[in-house]
Amino acid sequence: MTALKKFQRLESPGLWRESPEAQRRDVILSFGDASLVVSDSAERVLTHWSLAALERLNPGQSPALYSPGADSGETLEIDDDLMVEALETVRRAIGRARPRPGRLRIWIVAGTLAGLAALAAFWLPGALVRQTVAVAPPEVRAEIGQALLARMADAAGTPCDRPGGQRALDRLAARLLPGTARTVRVLPGGLPRALHLPGGVILLNRALVEDYEDVAAVAGFILAEDARAARSDPLADLLRAAGPLATFRLLTTGTLPDGALSAYAHHVLVAPEAPLPEADLLARFAAAGLPSTPYALARDVTGESVRGLIRNDPLQGRETDAPISDGDWLRLQAICGG
């Protein structure tokens with residue numbers, strides 16, 4: 001660098017000490033190319049001080065005391081205000097041009113923290129849910145399902161438990177969902193037509209078993225809820241609603257906070273029914289050997305919104321056996337004591 005133009009011809013007297021043990025000498029100071037030139041009275045150059053390395057040893061005091069660097073024993077004492085102003089101006093200009101590792105570190109740390117915050121906000125909750133769902137054993141899922149069912153009692157009542165009716169419902173579930181551990185229960189009211197919970201629990205509204213003449217309609221609601229549970233893990237749905245803290249607690253302790261369970265129990269009772277692809281549902285009916293028309297008409301008696309399920313009924317025009325006996329169907333219809 002070169003000195004600032006307004007100071008290029010500036011000179012002033014000063015006192016120079018070559019080392020801490022040396023005597024001070026009267027010298028002449030002048031700006032050189034990127035340096036402060038120190039000369040004796042005969043204009044012989046004694047030393048050059050780099051302006052970039054120049055340090056003020058007594059900021060704010062007078063006369064000003066300078067050193068050519070932190071490890072040097074040389075000093076310059078300057079009492080000329082204009083020369084001091086010039087040196088301070090140059091030092092400030094050099095200071096602004098220097099890189100600031102500390103500030104860079106601050107920005108690096110801030111950027112890292114912002115990235116971690118974004119990671120925590122957008123990636124971590126989903127990853128935490130996936131990990132928890134992957135390791136949750138069937139016993140924990142079943143406990144959660146029963147805990148939710150208990151918290152629904154105020155709004156939907158306790159499950160109907162007439163023994164003959166429940167045994168008939170168990171036989172229907174085994175016929176429709178072979179090889180699974182689904183538990184199907186009937187609630188007195190307060191819930192949509194059907195819903196599902198973690199732990200393989202499928203719930204039916206009492207109206208489904210009492211208001212329809214064909215057991216195939218009830219069977220259709222069971223198949224549909226099983227299809228929904230297969231498309232989106234009900235435990236994952238619960239954990240996404242409960243939040244990361246509740247999810248972490250389940251992962252580390254195997255339990256969920258009571259508040260999270262109560263809130264989700266209320267949520268599933270009022271949440272809209274998740275749509276199902278018609279093709280998937282028809283495939284379920286075909287695999288179970290059941291007609292889809294009774295279920296479709298139970299959903300919409302006009303048939304307008306379920307025309308595909310009626311038109312593409314996999315068993316249309318064919319004689320089929322009922323999934324349970326007439327006696328079991330009558331017992332199921334009376335499961336709530338009606």
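**Nonpolar cores, an aromatic cluster and a surface patch**

Phe248 is placed in helix 9 (residues 244–253), helices being DSSP runs (H or I) of at least four residues, numbered from the N terminus. The model is predicted, so that local features need pLDDT of at least 70 and side-chain atom pairs count only at pLDDT 80 or more, whereas totals for chains, interfaces and linings use all residues. Residues are numbered from 1 along each chain as its sequence is written, and side-chain values use heavy atoms, without hydrogens and water.

With 48% relative accessibility, Phe248 counts as partly exposed; buried means under 20% relative accessible area, exposed over 50%, and partly exposed in between (1.4 Å probe, protein chains only).

The largest nonpolar core has 39 residues, a core being a set of buried Ala, Val, Leu, Ile, Met, Phe, Trp, Tyr and Cys residues joined through side-chain atoms within 4.5 Å. Leu169, Leu172, Leu204, Ile222 and Leu332 have the most contacts inside this core, where contact means heavy atoms within 4.5 Å. Helix 7 gives the largest share of the core, nine residues. A second, separate core of 29 residues includes Leu149, Leu187, Leu203 and Leu238.

Phe221, Phe285 and Tyr295 form one aromatic cluster. Two aromatic pairs are present in the structure; rings of Phe, Tyr and Trp (its six-membered ring) pair if their centres lie within 6.5 Å, and planes under 30 degrees apart count as stacked, over 60 as edge-to-face and the rest as tilted. Phe221 and Tyr295 form an edge-to-face pair, at 4.9 Å centre to centre and 75° between the planes. Both of these residues, Phe221 and Tyr295, are buried. The pair of Phe285 and Tyr295 is tilted, at 5.6 Å centre to centre and 40° between the planes.

Methods. Helix = DSSP H or I, 4+ residues; strand = E, 2+ residues; numbered from the N terminus.
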